[in-house]
Amino acid sequence: MASEGMKETLLNKKEQYYYENCPGCKVELHKASQTGLPIKELFTMWFIVLGTALPISSLFPFLYFMIRDFHIAKREEDIGSYAGYVGSAFMFGRALTSAFWGVVADRYGRKPVIIFGTFIVVVFNTLFGLSINFWMAVITRFLLGSLNGLLGPIKAYAAEIFREEYQALGMSTISTAWGIGLVIGPALGGFLAQPAEKYPAIFSKDSIFGRFPYFLPCLCISIFSLVVAIGSFWLPETLHNHDSEILPQDSYKSLEAASDTKEGNESTSKENLFKNWPLMSSIIIYCVFALHDMAYSEVFSLWAVSPRKFGGLSFSTADVGEILSISGFGLLVFQLTFYSSVAKYVGPIMTARVAGVLSILLLTSYPYIAMLSGITLSVLMNFASMMKNILSISIVTGLFILQNKAVDQRQRGAANGIAMTGMSFFKALGPAGGGALFSWGQKRLNASILPGVQVVFFVLNVIEAIGVLLTFKPFLVETQNT
């Protein structure tokens with residue numbers, strides 16, 4: 001009887017009727033009967049996004065050494081350029097196919113894209129760890145990015161699996177898991193790369209981990225993604241499928257629903273997302289900050305492990321992993337405890353502006369922090385890295401909120417597809433540009449103006465400043481709630 005009552009509730013909503021065998025309708029029925037916080041769904045989203053985010057930047061702590069071991073760079077100063085090409089391959093592949101995977105998810109369902117994407121991580125992330133030359137590394141990263149189109153559909157899935165009052169929480173769970181993955185991934189890469197050198201009592205130089213020194217972190221991430229992929233088979237599909245169903249017998253309701261659907265389609269067709277300036281302005285700003293963040297990730301990892309004679313910190317991969325682990329913990333605490341209060345009090349736009357300005361001041365101090373040594377260097381670098389990641393995720397989360405406020409639920413999937421395509425393109429430029437910039441900086445150590453790494457962080461600050469300036473009117477227009 002309770003189930004019949006829920007169906008009647010659905011009949012009174014905009015769907016107008018309930019299809020017994022439609023997976024989307026079953027989800028709507030479950031949502032209607034659900035009470036309390038959707039803990040299961042939140043954890044499901046968390047693990048799926050985390051499994052996809054971990055391999056994106058896990059290579060950065062050891063990429064410098066991997067390129068060096070490939071013996072493709074003729075000079076040590078050229079390693080950064082080649083590292084940039086490998087780092088960009090993933091995002092370049094994703095930029096080419098994000099729109100395609102969005103169409104697939106709208107046509108065949110969110111669940112198949114999620115399952116396929118997580119299995120792609122298992123296959124190509126493992127193969128990347130077994131790379132024997134530069135081109136194998138580039139190709140495996142490109143295929144990993146182009147065949148895993150999960151992030152756009154998972155945002156649409158989150159909007160559909162949660163009740164309306166919990167959709168904001170679901171979206172913030174995705175952005176938080178994504179941010180944590182981009183920090184914990186490099187931490188794993190730093191701790192687990194070159195295990196035969198770091199942990200000789202456990203890993204022999206003659207073992208597979210000795211012959212492939214960067215395989216262990218990739219393998220661990222792939223095993224985690226395999227567990228997530230298997231668990232994804234039990235996900236409920238949220239896409240409605242009414243094509244093959246027999247309409248309910250109530251012809252008046254059926255006619256009314258068909259009329260509403262036609263009117264809705266006509267309204268949707270008239271709403272061009274590219275003419276929605278609140279949406280497009282937030283996406284453009286999002287792309288600028290994405291370019292900065294990806295270039296920073298590449299530069300930081302190269303700078304941290306490069307020799308002191310080139311202005312680097314001479315850190316080991318384990319040192320980088322330790323810094324990024326502390327940064328990840330600090331980021332998690334901030335997102336779970338402080339961000340929502342800060343954004344609610346000052347708003348997402350002001351949060352992004354303040355975070356951008358503080359980020360510029362922080363990066364300006366990096367070349368001077370590099371002049372320190374010992375425990376002072378370690379403490380300050382850990383604090384600076386944690387603050388940089390907190391500021392970056394605050395900016396991205398604020399812009400993500402603006403994007404979703406700028407469109408209604410009907411167009412949210414398409415809007416996310418546009419944002420993902422643009423962001424992926426700019427993130428593809430980030431590592432390549434960051435690597436080339438870092439190599440250029442190492443070649444001008446004796447320049448009279450902005451020598452060495454000073455010019456690197458100056459250029460990063462210019463990009464950040466452009467992003468901050470774009471958050472002001474008349475460029476950025478916030479959608480007003482009515």
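I looked up Cys 287 first: its relative accessible area is 5%, so the residue is buried (under 20% relative accessible area with a 1.4 Å probe, protein chains only; over 50% is exposed, in between partly exposed). I note that the model is predicted: local features need pLDDT of at least 70 and side-chain atom pairs pLDDT 80 or more, while totals for chains, interfaces and linings use all residues. Residues are numbered from 1 along each chain as its sequence is written, and side-chain values use heavy atoms, without hydrogens and water.

Next, cysteine pairs. I found 0 disulfides, taking a disulfide as two cysteine sulfur atoms within 2.5 Å. Cys 218 is in none; the nearest cysteine sulfur belongs to Cys 220, 9.3 Å away. Cys 218 counts as buried because its relative accessibility is 1%.

Then the nonpolar core (buried Ala, Val, Leu, Ile, Met, Phe, Trp, Tyr and Cys joined through side-chain atoms within 4.5 Å). The largest has 111 residues, and Val 86, Ile 154, Trp 303, Tyr 366 and Met 381 touch the most other members. Helix H14, residues 277-305, gives the largest share, 15 residues. Apart from this core lies another of 10 residues, including Leu 273 and Ala 419.

I listed contacts (heavy atoms within 4.5 Å) of Tyr 366 beyond four places in sequence; among them are Tyr 296, Phe 300, Lys 388 and Phe 457.

Last, helix H17, residues 348-364. Helices are DSSP runs of H or I, at least four residues, numbered from the N terminus. Its 17 residues should span 24 Å at 1.5 Å a residue, counting one less than the number of residues; the end C-alpha atoms are 24 Å apart, which agrees. Buried residues in H17 include Pro 348, Arg 353 and Leu 363.

Terms used:
Helices (H or I, at least four residues) and strands (E, at least two) are DSSP runs, numbered from the N terminus.
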